[in-house]
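I opened a new notebook page for this structure. My notes follow in the order I looked things up.

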Amino acid sequence: MGFWTWFWIWTFLSLGALTLLAFIGKSLLNRAQSVAYQLEQIVKPVAALIEAVGEKPDLQDLESDLLTPSAILERERRQLLKRKSKKQGARQRSLISALKHIDVQESRFKNVR
């Protein structure tokens, strides 16, 4: 093969390599821009977090519950237990309602292999 044949072969190979390098560079640039955008979105919450971590809250001593009358504590406990049982009952009613309205013909209930 002659000089010009090799010249054109190497010219096309070089142009192909440069084109591929340009595509890779463009891809990296797009990724870097998306990372920069995400970092911009994170800056405010992280700054607030760093500021919050830097501040030490002034903790006040709490009153001892030993001095609180037992009637008040018992009333609070009964209210807490009442809320807890209401929440459990609501959850139970919700599950029973879901079971009543279940459609066994749905695809998730069929044995498909």
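I took the bend at a residue as the angle between axes fitted to the seven residues ending there and the seven starting there. Helices are DSSP runs (H or I, at least four residues), strands likewise (E, at least two), numbered from the N terminus.

Ground rules. This is a predicted model, where local features need pLDDT of at least 70, side-chain atom pairs count only at pLDDT 80 or more, and totals for chains, interfaces and linings use all residues. Residues are numbered from 1 along each chain as its sequence is written, and side-chain values use heavy atoms, with hydrogens and water left out.

Entry one: overall form. I found 2 helices and 0 strands in the protein. Its radius of gyration (over C-alpha atoms) is 35 Å, well over the 13 Å from the globule rule for 113 residues (2.2 Å times the number of residues to the power 0.38), so the protein is more spread out than a compact globule. The C-alpha trace spans about 105 × 60 × 20 Å along its principal axes.

Entry two: helix 1. I traced helix 1 over residues 3-54, which is 52 residues. I located a kink of about 35 degrees at Val43, shortly before the proline Pro45.

I checked Trp4, which is found in helix 1. Trp4 is exposed (over 50%), with a relative accessible area of 56%.

Note on methods:
Expected span 1.5 Å × (residues − 1). Buried < 20%, exposed > 50% of the residue type's maximum accessible area, 1.4 Å probe, protein only.
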